[in-house]
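The structure is shown below.

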Amino acid sequence: MELSSKIDLHSFASGCWVMIDTDYIQKLNLRYLDVHGEDNHFGVMLFSNANKIKVYPKKLYNYIIRNNSTINYSGKISINSIPFRLRKYLKYFYDNPMVFSKYYRAGGAAIMLSSLIDSFKDDKEIYNLLEKTFLNRYCMLALNLQNFPNDPLGYKRYLPLAQKYAKDHNIGAFALVYSSVYYWIGLILISSKISFSHFLKTPYYLYQILKDKAYTKKCKFDIDNYWDRDYALKVLNHKAYKLGIKLAKII
């Protein structure tokens, strides 16, 4: 975690490049959470509790990058990116996989934030390192749950903790900008490229976004004093936000 802090690393996935002593993991009773980003949580828990870690420098793992993976290097989120067991919840998010994926990501961050705080609240050394690396980012993402009117997976029960943490650590710019209806309009337009059926449904999606009171119609935000200001600026400079602003001017 000290190295992660120095190089500004915000993820700690370790699902496939570690060998773990069986007795150790049984003693921890460590399991993967059923959330987005579960390997990050597993990695932090695994290494934070370890007494000994050895690094083998030779590269032995080949990573295959493909379309429609959960990592999604293509940047396009289609129905194939959503696990079968979760597709029934798409109806709560305008039947749009991209919107649902953002809810799923925020919910995963909220659960991981809660789990790590509970696990290390009495270990000041580990907790302080977590604050410098992962907790702030998890909180930043978790706050986006405020921007979704529906919560079929029950993630919002973790919001009070995220909001308290955010207040204590001056986090909130990212969620504030995320609440802009212009960003979501642009996002819907971009997601229309996923398939022809999505393209045909775009007017319906836009109508649903515009009538949804969860989103604000602000286009300028006072974010200078927030910890996550730079992340918020990335959203403001994202093509989705700029596209939404342009469309709003035309309308």
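Which residues line the largest cavity?

## Largest cavity

In this predicted model, the lining of the largest cavity consists of Lys102, Arg105, Ala106, Leu141, Asn144, Phe174 and Tyr178. The volume of this cavity is about 40 Å³. By class, four of the lining residues are nonpolar, one is polar and two are charged.

Two helices, H4 (97-120) and H7 (173-178), each contribute at least two residues to this lining. The greatest contribution is that of H4, with three residues.

The structure has two cavities of 30 Å³ or more.

## Nonpolar core

In soluble globular proteins, nonpolar side chains tend to be buried together. Here the largest nonpolar core comprises 74 residues. Those with the most contacts inside the core are Phe100, Leu116, Leu130, Leu135, Tyr183, Trp184 and Ile209. H4 gives the most to this core, with 14 residues, and H4 also gives the most to the lining of the largest cavity.

Which residues does Ile209 touch, leaving out those up to four places away in sequence? They are Tyr94, Val181, Trp184, Ile185, Ile188 and Tyr215.

Note on methods: Residues numbered from 1 in each chain as written. Predicted model: local features only at pLDDT ≥ 70, side-chain atom pairs only at ≥ 80, totals over all residues. Heavy atoms only, no water. 1 Å grid on protein atoms, 1.4 Å probe; cavity = no way out; pocket = protein on both sides within 12 Å on 5 of 7 lines; lining within 4 Å. Points joined across faces, edges and corners; volume = space filled by probe spheres on them. Helix = DSSP H or I, 4+ residues; strand = E, 2+ residues; numbered from the N terminus. Nonpolar A, V, L, I, M, F, W, Y, C, P; charged D, E, K, R; others polar. Core = buried A, V, L, I, M, F, W, Y, C linked by side-chain atoms within 4.5 Å. Buried < 20%, exposed > 50% of the residue type's maximum accessible area, 1.4 Å probe, protein only. Contact = heavy atoms within 4.5 Å.
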